[in-house]
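User: I'd like to go through this model with you and ask what stands behind the labels. Could you take me through them one by one?

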Protein chains: 2
Amino acid sequence: MPSLGELSSPYSEFDDRVDALLRGSGYAEPVRLHRGRTVFEPCARPRGWEEAEFGVGAHEEAPVAGVPALRAAFAERVSGRRGGAVPPEQVLVTGGATHALSLALRAVLQAGDEVLVLSPQWPHATGLVRAAGGVAREVPVFLELGGGFGFDFAGAVEAAVTSRTRAVYFNSPNNPTGYRMDRRRLAALVELAERHDLWLIADNTYDEYDFTREGFADIAAVGAAAERTFSAHGCGTTYAMPGNRVGYLVCPPGLAAPVAAWAPYTGGPVPTAAQFAAYEALRTPREELNRRRDRAAAAWWLADSTLEVPHTDASGGLYTFLDLRAWGDGERFVRRCAELGVGLAPGRNFGARYGGWARLCFTAAPPRRVAEAIERINKIYGEGADED
Amino acid sequence: MPSLGELSSPYSEFDDRVDALLRGSGYAEPVRLHRGRTVFEPCARPRGWEEAEFGVGAHEEAPVAGVPALRAAFAERVSGRRGGAVPPEQVLVTGGATHALSLALRAVLQAGDEVLVLSPQWPHATGLVRAAGGVAREVPVFLELGGGFGFDFAGAVEAAVTSRTRAVYFNSPNNPTGYRMDRRRLAALVELAERHDLWLIADNTYDEYDFTREGFADIAAVGAAAERTFSAHGCGTTYAMPGNRVGYLVCPPGLAAPVAAWAPYTGGPVPTAAQFAAYEALRTPREELNRRRDRAAAAWWLADSTLEVPHTDASGGLYTFLDLRAWGDGERFVRRCAELGVGLAPGRNFGARYGGWARLCFTAAPPRRVAEAIERINKIYGEGADED
């Protein structure tokens, strides 16, 4: 049998590994805080749609760019926050934010081009860059930004730019740190991107989970950034229906059509009925989305006030990143937690530098269960690494 | 604004172009024979599933390899024809046959590796090879095979093998010619693949549309071929629900897990509700599938007996390839047909050598409409190219 190509999928590997550890732990109901999810009810469920409702039947293939009504609904959703109308023609319906990022990276990268990945980062980000033929250069910023004054953010990113750099990828609110970039940070990125003629690839997966009074800051609303920004959005986290696998990509003006040409080679078009379900979910009242955001913020407050492990300060998202460097090995901490029925995601999956860390998702279980899990986490931390 | 990478998507381009021509034709109800589809009723429709039915809710993300019940159902479906049980662990649920091919190519190719694409071929095949970092080498065989005795099939494929060749891709029954490979041809391919240590990538999209008494011949059933064969299957054509976008990949023993690691970078996992709908569709009685196959064969017989344009002999699939070389330019023929409200797919989309051809899908409209369209096609052919 011929040999396989080199494979890389940190994500499924670590999820499966922590799950295996939890199964072996003997706990009938382990607390799976290693997976990024919420316990909220899904905003829409599959149903039989009327043929006439969207101009295409659920069994028929939708246009490669998406069902027109859904493109228009997504466009309307981002128009307000961008302070100007985004035409539906700039929006592509995608198989989740992952597929949106895949399309954008495919379109802008030639083989060997570099992408600055602001780190720590969502585990799939580097894999997606590689799958698109690019080279991911991790630029550590989120811990430094969260660490207080004195960090030269723009200088750190600028120092990583080379002649092969084509784009900057970032996720805000950030998975795994919970750091969210404000308008001032975003403006610094835009200025740098304009000076070096780079694309901006904004992963806006957690745009509905911003805990600040300012609310989610969209980089495409900064100056002329929209003309170089690809914004990836997902409906899975926002509407608590990750199984529906629908998201969207907002492209710079005039670029949606050539980018859509990559859809067939990256997993598109999106199942038609899944697009209808996303359309329904988009009718979720603003108040309900705000209520969920507030519940996530309350879950964060509970975690923050009870965790005895040093951790990042979340101003958005679903996660905090636990600093286990004083304790010892982050991997061993994850293993010890799994033995006590608590799932955490090992830090090394979020970047090469983060082996001494672990990610906790504070919305992945009901508050009482999260609190129980944190008690066990504190106990393990207090025992120290030598007890292992 | 930075420039975009080089884009390539023959498929969406030509579909859109023929559609635009048809809109301009003034015909209120043009006959769209350029798209590959059937007029059959979908075998399943979306509905609300019970939470307990599959062990995962429709809103929840399914395992990256697919919903277990669906993997088992797909495995059972191919087990019979392979003459031995295929364990569900070898089967991955994919976003249609396209995603199945994308996964297989990703797994077996390193940058610059070559794939022999038996041609003419499904338009996306070369794009998928390129998207996986490979080089597609078209090997013209289907017209030659259909042309009668004297063609050295194995010799033609062998002559294209180089030190960089890693795999052979083929689609049988073939889109666009309707040629289907029998066990003898498949055995020749297997012998060659074994001698040069190549992977076999079988695109079995039309496995339920084989018009011969022998029935669909699965290359994985030939000798030890299963250990080097990736079989891509779709449910879109088989169950008349292309909008559902579900298919599957049968991997060589032991390889499904590493191949599944590519899923997140190629469009997976598949929406959970779409997997449920595919599971329902799989319960379609064998008699109903045979009835549809017989209706497609009848549509082919009607087309074959009325077409006055030279065309390939379909022993399966949904298409015949029209030979317009004596008439003149194939592109111009497609344009003339669109002016009279008939959509055909230009031949050059099926390979670099086929500019003088055009593809007709004989199942894309009800028989009466196909017959009307063929009358117009015959008229244009009779007028000759100079009338343009």
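**Sheets, helices and the interface**

Analyst: Gladly, and keep in mind that this is a predicted model. Let's begin with strand S2 of chain A and strand S8 (residues 247–250) of chain A, which pair in the antiparallel sense over four bridges.

User: What makes S2(A) and S8(A) a pair?

Analyst: Pairing asks for at least two bridges between two strands. S2(A) and S8(A) have four bridges, so they meet the definition of a pair. Within this pairing, Val93(A) stands opposite Tyr248(A).

User: Which sheet do they belong to, and why are S2 and S4 of chain A said to stand at the edges?

Analyst: They are part of an open sheet of seven strands in the order S2-S8-S7-S6-S5-S3-S4 (chain A), with mixed pairing. Strand S2 (91–94) and strand S4 (135–140) of chain A each have a single partner strand, so one side of each lacks a neighbour in the sheet. On average, neighbouring strands here are turned by 20° against each other, direction ignored.

User: Which helix packs on this sheet?

Analyst: Helix H3 (residues 96–108) of chain A does, touching several strands of chain A, including S2, S7 (229–234) and S8. The direction of H3(A) makes about 160° with that of S7(A).

User: How do you know that S9(A) pairs with S12(A)?

Analyst: Five bridges join S9(A) to strand S12 (residues 357–361) of chain A, and the definition needs at least two, so the two strands count as paired. They run antiparallel, with Tyr319(A) opposite Cys361(A) in S12(A). Their open sheet has three strands in the order S9-S12-S11 (chain A).

User: Why is Glu61(B) with Arg245(A) called a salt bridge?

Analyst: Their closest N and O atoms are 2.8 Å apart. The cut-off is 4 Å between a side-chain nitrogen of Lys or Arg and a carboxyl oxygen of Asp or Glu, so the pair qualifies. The rule finds two salt bridges across the interface of chain A and chain B. There, 60 residues of chain A are in contact with 61 residues of chain B, and the area buried is about 5,000 Å², with carbon and sulfur atoms giving 60%.

Terms used: Residues numbered from 1 in each chain as written. Chains lettered and ligands numbered in written order. Predicted model: local features only at pLDDT ≥ 70, side-chain atom pairs only at ≥ 80, totals over all residues. Heavy atoms only, no water. Helix = DSSP H or I, 4+ residues; strand = E, 2+ residues; numbered from the N terminus. Contact = heavy atoms within 4.5 Å. Buried area = accessible area lost by both parts, 1.4 Å probe. Axes fitted to C-alpha atoms, helices over the stretch in contact; angles between N-to-C directions.
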